[in-house]
Amino acid sequence: MSNTTENSSPALSNLLSEARSFPPSEEFAAQANATAALAREADERGEEFWADQARKMLSWHTPFTQTLDWSRAPVARWFADGTLNAAYNALDRHVKAGRGKRVAIHFEGEPGDTRTVTYDDLLTEVSRAANALQALGVQTGDRVIIYLPMLVESVVAMLACARIGAPHSVVFGGFSAEALRSRIEDAGARVIITADGGYRRGAPFALKPAVDEAIATLNPDNHPGISHVLVVQRTGQEVEWHDERDLWWHEAMESADIRHEPTFVEAEHPLFILYTSGTTGRPKGILHTTGGYLTQAAFTHWAVFDLKAETDVYWCTADIGWITGHSYVVYGPLINGATQVIYEGTPDTPHRGRWWEIVQKYKVSILYTAPTAIRTYMKWGEEVPDQFDLTSLRLLGSVGEPINPEAWMWYRRVIGGGSTPVVDTWWQTETGAIMISPLPGVTAAKPGSAQSPLPGIAVDVVDDDANSVPAGGGGYLVVSKPWPAMLRGIWGDLDRFKETYWSRFKNIYFAGDGAKRDDDGDIWLLGRVDDVMNVSGHRLSTTEIESSLVAHDAVAEAAVVGAADETTGQAVVAFVILRGEFAAAAQDDEGAAAIQEQLRTHVARQIGPIAKPRRILIVPELPKTRSGKIMRRLLRDVAENRTVGDATTLADSSVMALIKGKLG
Ligand code: WT7
């Protein structure tokens with residue numbers, strides 16, 4: 001298990017000495033959705049527990065009779081002979097049951113504009129958009145790219161695709177034209193929904209130019225071309241227009257009928273593809289299907305967040321460009337008939353109390369966010385949230401990376417008034433929905449631990465030979481039984497799916513995370529064991545950033561590591577060897593600074609601003625093993641200002657001294 005220890009951040013190494021524990025209050029426990037009996041029921045019912053949830057959480061057009069078909073493992077089929085529609089479940093069902101006047105979305109734009117959207121309104125908009133898409137020739141099974149800021153239209157676009165059975169692939173608005181191009185090609189999408197731009201940090205930013213550039217650079221050998229681009233007008237900024245393919249969203253919507261018959265699809269019909277970083281440079285298109293995914297998204301949203309749809313106001317701060325936005329902004333909450341807040345912008349615009357002002361304004365009762373945001377607020381000081389009335393909050397959630405016990409304690413004390421349960425939820429783009437989390441009305445929560453698998457989920461911590469580790473031991477996190485929201489593959493690449501997740505251990509899912517079990521058997525996540533970084537809860541591949549750097553003329557070789565960072569969890573640090581003339585130019589500080597800045601901008605352009613290296617260190621050599629593998633562990637020591645660890649397996653043992661000497 002040396003690998004896990006090497007990769008885990010030092011801040012986490014003392015996690016197991018954490019002894020605090022916070023049982024739910026009696027009042028909370030008495031009213032909680034998920035009880036100890038539910039967990040027992042799951043144990044007794046096995047797979048059928050999920051069939052029960054699928055019937056309870058969803059409306060089926062054709063009821064299913066089969067629960068799980070694992071005969072084509074590792075591609076699972078859940079509820080395969082049933083048919084349903086995701087948008088019908090999120091909208092029509094509530095309207096038919098008389099819940100149409102309930103607010104679905106309180107939208108808060110960054111500049112201060114607001115919109116209140118009921119379930120009735122949302123159904124009308126989604127129906128219109130579905131008609132508009134069909135009028136453009138989009139058919140069931142066609143992939144549609146969505147590249148939007150956080151707007152009501154983003155939710156409408158996703159549900160409109162789902163309504164006609166056209167899998168959506170949302171590309172985060174912070175990604176570059178190049179990242180967009182590769183996803184359009186990989187998904188084979190012919191229609192894109194975007195906006196002129198959005199608001200961020202007090203100013204409009206543009207999206208449409210990236211779409212134009214991505215389309216212009218499509219490789220005609222790989223892609224037949226984009227037929228239509230629907231453009232939401234958000235900022236009113238100037239856009240370049242291509243009459244033959246571009247249409248304004250509001251014009252297409254105006255002329256579309258407000259009634260639309262949903263297309264009922266088989267449970268295993270693809271609902272969406274979402275690209276995520278892996279250990280190699282090429283992003284993976286994670287494929288999710290309909291019935292199983294929706295079942296687990298809705299069930300977990302109900303059980304983990306203890307949702308009371310009539311009274312709660314729920315707010316998940318994630319962008320729809322990530323899986324959290326799919327499962328816990330769009331599908332889970334809307335299927336459960338929740339009232340939620342969507343906020344377009346950044347936490348510090350126009351002031352650092354913006355989030356807490358929103359909580360106060362809408363009386364948010366359930367808040368779900370990421371440790372990086374909590375740490376940022378800790379840094380800004382508790383006097384900021386203290387200025388607002390946060391007493392409406394009754395449950396807090398965390399996701400995206402391990403949460404340090406101190407951040408957990410601060411979250412509960414300062415934001416939760418010292419009494420709310422805090423649920424640390426572990427899951428992945430691939431798992432589709434929450435897998436490990438305390439149950440807020442049952443579990444005595446330990447700061448920093450995701451604790452136990454949810455009812456119906458089987459996870460384990462194993463050693464190199466797939467044996468369960470005993471209490472107190474550490475190893476790899478695996479999922480040992482199929483689960484309803486599990487990915488059904490990597491788009492267009494079954495072999496890569498098998499290789500990535502199912503080859504490390506036989507018949508069990510390898511998550512890529514290290515974990516420990518404490519003496520009570522509770523699970524503590526320790527970070528990735530592969531070359532994947534986690535920056536502010538966003539997954540980034542070291543290889544992808546290295547490839548981008550090497551693609552620049554100045555760079556001969558590059559190695560990227562995630563260095564521990566107090567606020568963002570990890571920060572991207574790149575070590576580069578420059579080519580001849582550039583190396584000469586970088587001899588003096590000014591020349592070096594210019595090249596470093598050029599490279600940072602280059603990565604931001606190629607992948608997106610979130611991938612921009614925090615630091616670029618120009619070095620004469622990189623530490624490699626005899627087989628040529630870069631020893632990132634040693635570079636991480638340098639990046640984190642530690643004494644460099646064991647370097648005996650290096651091909652050339654003097655390299656580290658050379659690097660340290662160069663960096664001073
Ligand atoms: C990776 C998945 C799940 C939505 C957001 C990220 C890390 C996620 C936790 C947590 C410790 C966590 C893991 C995982 N991670 N949640 N509660 N505790 N680590 O989704 O981009 O697919 O990343 O995020 O390393 O493998 P993602």
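You are looking at a predicted model, where local features need pLDDT of at least 70, side-chain atom pairs count only at pLDDT 80 or more, and totals for chains, interfaces and linings use all residues. Residues are numbered from 1 along each chain as its sequence is written.

Now select the shell. It has 22 residues, and Trp-426, Gln-428, Thr-429, Leu-525 and Arg-539 come nearest to the ligand (near means a C-beta atom, placed from the backbone, within 6 Å).

Next, colour by element. Helix H12 (323–335) and strands E20 (422–425), E24 (509–517) and E25 (523–528) each supply at least two shell residues, and E24 gives the largest share, three. Helices (H or I, at least four residues) and strands (E, at least two) are DSSP runs, numbered from the N terminus.

Stay on E24 and show its sheet. This is an open, four-stranded sheet in the order E21-E22-E24-E25, paired antiparallel; strands pair if DSSP finds at least two bridges between them. E21 (459–462) and E25 are at the edges with a single partner strand each, so one side of each has no neighbour in the sheet. Zoom in on E24 and E25: five bridges join them in the antiparallel sense. Asp-513 is opposite Arg-528 of E25.

Last stop: Lys-629, in the loop between strand E30 (615–618) and helix H21 (632–639). Is Lys-629 buried or exposed? Exposed, because it has 11 C-beta neighbours inside 10 Å (the cut-off for exposed is 12 or fewer).

How values were computed:
A residue is buried if 20 or more other C-beta atoms lie within 10 Å of its own, exposed if 12 or fewer, and partly exposed in between; C-beta atoms are placed from the backbone.
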